[in-house]
Amino acid sequence: MNKAMEASRELKAMDELATLKSPIHSFCPLSKLLTTIFYIVVVMSFHKYDIVGLVVLILFPLIVYSISTISVSTCFKKLRLVLPLVILVGLFNPFFDKDVLFHIGTFAVTGGMVSMVTLMMKGVFSLMASFILIATTPIEEICSAMRKLFVPRILVVLILLTYRYIGIMLDEVAIMYDSYMLRAPRQNGIHVSAWGSFLGQLILRSMDKATSLYESMNLRGFKGEYDYRFTREKNRFSKLYAAIFCLLILVCRFYNIPSLIGSLFT
């Protein structure tokens with residue numbers, strides 16, 4: 001199995017996760033989208049040295065993962081290519097911020113070290129929250145929620161069609177790659193001299209596929225906006241879910257919960 005086919009299967013696996021049944025899956029997509037956005041904004045608002053206050057916000061994605069029956073390991077497996085990039089973002093902070101904040105024994109902990117860990121935590125927490133939104137909500141429902149938030153129609157349609165067409169393009173790449181390897185079985189990948197023709201064929205095949213898709217959409221009454229109609233019944237506790245979690249997130253933002261708990265035992 002080539003890499004394009006593996007990527008296509010992982011994309012289809014994400015769609016299958018979104019069709020599972022759990023309380024989180026049944027909540028209104030608008031409530032889930034607003035809660036996720038609110039959570040990410042709050043996570044990013046923490047000071048670069050506030051590790052203790054930030055760490056408690058890991059509870060939100062962990063609770064949602066447990067309710068949705070999707071394991072955290074699935075998140076890290078699916079995001080294995082993105083997580084290293086997030087972690088590398090703050091890797092150079094220790095070289096720029098060398099002010100000593102405190103000592104652990106004889107080891108001096110600088111502000112750059114603390115801010116590096118904080119930045120990594122922010123990135124990982126945000127990715128976890130974004131993944132659970134996508135894994136429990138079909139892309140059509142997310143786009144419907146975006147339209148309710150008055151996101152421009154053209155942008156929503158572009159996101160939806162791009163997401164849907166990525167899978168089709170990956171299938172085309174997989175077919176072309178297998179065809180090439182059957183003609184050159186002893187080669188390790190596509191030879192440099194064939195890159196131009198391979199890309200050209202992919203563009204031509206993509207244009208033909210896009211034309212067929214557009215004609216099919218027009219035959220089904222497409223007038224510039226997707227018809228967001230769903231048959232799955234929504235949980236009536238969606239607003240309560242959003243209100244409770246947003247309130248808990250606010251409490252964690254304005255009160256240093258770990259410090260308060262620690263003060264009770266001192």
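1. Contact here means that heavy atoms lie within 4.5 Å of each other. On that basis, and leaving aside neighbours within four places in sequence, Thr-118 is in contact with His-47, Lys-48, Tyr-49, Asp-50, Ile-51 and Leu-54. The structure is a predicted model, and the points below should be read as comments on that model.

2. Thr-118 is placed in helix H9, which covers residues 111–136. Its relative accessibility is 1%, so Thr-118 counts as buried, the cut-off for that class being under 20%.

3. The protein chain is divided into two parts: domain 1 takes residues 20–137 together with 233–256, and domain 2 takes residues 139–225. Taken over C-alpha atoms, the centres of domain 1 and domain 2 are separated by 31 Å. Eight residues from domain 1 and seven residues from domain 2 make up the contact.

4. Helix H3 (residues 29–44) and helix H10 (residues 139–148) have axes that come within 8 Å and cross at roughly 75°. H3 is therefore roughly perpendicular to H10, since angles of 65 to 115 degrees fall in that class. On the H3 side the contact is made by Pro-29, Leu-30 and Leu-33, and on the H10 side by Glu-141, Ile-142, Ala-145, Met-146 and Lys-148. By residue type, this contact of H3 with H10 has six nonpolar members, two charged ones and no polar ones.

5. Thr-35 also belongs to helix H3. With 0% relative accessibility, Thr-35 counts as buried. Not counting residues up to four places away in sequence, Thr-35 touches Phe-60, Tyr-241, Ala-242, Phe-245 and Cys-246.

6. Arg-253 lies in helix H13, residues 238–254. Its relative accessibility of 25% means that Arg-253 counts as partly exposed. Residues touched by Arg-253, not counting those up to four places away in sequence, are Val-42, Ser-45 and Phe-46. Arg-253 and Ser-22 are 231 residues apart in sequence, and the distance between their C-alpha atoms is 28 Å.

7. After H12 comes Gly-221, with a positive phi near 90°.

8. Within H12, the residues Phe-198, Leu-202 and Ser-206 are buried. The cover over the buried residues of H12 includes helix H11, residues 153–183.

9. Lys-209 is also placed in H12. At 31% relative accessibility, Lys-209 counts as partly exposed. Leaving aside neighbours within four places in sequence, the contacts of Lys-209 are Tyr-165, Ile-168 and Glu-172. For the pair Lys-209 and Glu-172, the separation is 37 residues in sequence and 9.5 Å in space, C-alpha to C-alpha.

Key. Residues are numbered from 1 along each chain as its sequence is written. This is a predicted model: local features need pLDDT of at least 70, side-chain atom pairs count only at pLDDT 80 or more; totals for chains, interfaces and linings use all residues. Side-chain values use heavy atoms; hydrogens and water are left out. Buried means under 20% relative accessible area, exposed over 50%, partly exposed in between (1.4 Å probe, protein chains only). Helices (H or I, at least four residues) and strands (E, at least two) are DSSP runs, numbered from the N terminus. Axes are lines fitted to C-alpha atoms, for helices over the stretch in contact, and angles run from 0 to 180 degrees between N-to-C directions. Angles under 35 degrees count as roughly parallel, over 145 as roughly antiparallel, 65 to 115 as roughly perpendicular and the rest as oblique. Ala, Val, Leu, Ile, Met, Phe, Trp, Tyr, Cys and Pro count as nonpolar, Asp, Glu, Lys and Arg as charged, and the others, Gly among them, as polar. Domain bounds come from an automatic or database domain assignment.
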